[in-house]
Amino acid sequence: MDVLPVIKKRFSVRKYQDKPVDREVLMRLMEAARIAPSASNRQEWRFVIIEDSAKRVALCQAAMGQSFVSKAPVIIVACAETDDHVMACGEKCYPIDVAIALQHVALQAVHEGLGTCWIGAFEQEKVKTILGIPEGVRVVDMLTVGYADCDPPSTKRRKDMEEIVCFEKWSF
Ligand SMILES: Cc1cc2nc3c(=O)[nH]c(=O)nc-3n(C[C@H](O)[C@H](O)[C@H](O)COP(=O)(O)O)c2cc1C
């Protein structure tokens, strides 16, 4: 089982074909989210899947007008129904857990021949109003999903290994 090639193949897709995603395929993406790990197995994630074109346009406006957001046939709005639980390490669980689950989706999407893009630039309250999301729920991120209408970038701009990894002692 070789996972690294799938991870390497993923890139942010910001141009989509006008082609729907089958419900069966979509539910396989969501199965990848469902079985993700979470702190104390809390599974606080909730996903609102948007296919309706008027709602996609509204979400595009809530996402600072990033036009490709409305062009993607599917937008997964990743939320947390959370009590703001903080782990012993001092970090809140919910953003971590939701992000892990959403990245599972992004990687399963690669396997299905689909492209995705994370969307963190959006107005929380606008998204909640558009989708009727209750006050206590957090919208953590959105993910556009669809068939890419663009080529992968020739290179990935990333830091070198020694800039981000050290052994035994902090030595950056
Ligand atoms: C939490 C998060 C939020 C992001 N928000 C946006 C966004 O609002 N708009 C966008 O075009 N890309 C967004 N991105 C995509 C990043 O810009 C992208 O992942 C990064 O530049 C690396 O490129 P790659 O995904 O093609 O490897 C986001 C990525 C992450 C992980």
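Lys9, Arg10, Phe11, Val13, Val110, Gly113, Leu114, Gly115, Thr116 and Ala148 line the second largest pocket. A pocket is an open set of points on a 1 Å grid over the protein atoms alone, where a 1.4 Å probe fits, with protein on both sides within 12 Å along at least five of seven lines; lining residues have an atom within 4 Å of a point.

Before you start, note that this is a predicted model: local features need pLDDT of at least 70, side-chain atom pairs count only at pLDDT 80 or more, and totals for chains, interfaces and linings use all residues. Residues are numbered from 1 along each chain as its sequence is written, and side-chain values use heavy atoms, with hydrogens and water left out.

**Exercise 1.** Sort the lining of the second largest pocket by class.

*Solution.* Start with the classes: Ala, Val, Leu, Ile, Met, Phe, Trp, Tyr, Cys and Pro count as nonpolar, Asp, Glu, Lys and Arg as charged, and the others, Gly among them, as polar. Sorting then gives five nonpolar, three polar and two charged residues.

**Exercise 2.** Find which helix gives the most to the lining of the largest pocket.

*Solution.* First list the lining: Met1, Asp2, Val3, Val6, Ala32, His104, Leu107, Gln108 and His111. Next, look for helices, which are DSSP runs (H or I, at least four residues; strands are E, at least two), numbered from the N terminus. Helix α5 (residues 93-111) gives the most, with four residues.

**Exercise 3.** Describe how α2 passes α5.

*Solution.* Take the axes, lines fitted to C-alpha atoms (for helices over the stretch in contact), with angles from 0 to 180 degrees between N-to-C directions. Those of α2 (residues 23-34) and α5 come within 7 Å and cross at roughly 140 degrees. Now list the contact (heavy atoms within 4.5 Å): α2 brings Arg28, Leu29, Ala32 and Ala33, while α5 brings Ala101, His104, Val105, Gln108 and Ala109. By class, these are six nonpolar, two polar and one charged. Finally, the crossing is right-handed (the near helix is turned clockwise from the far one by less than a right angle).
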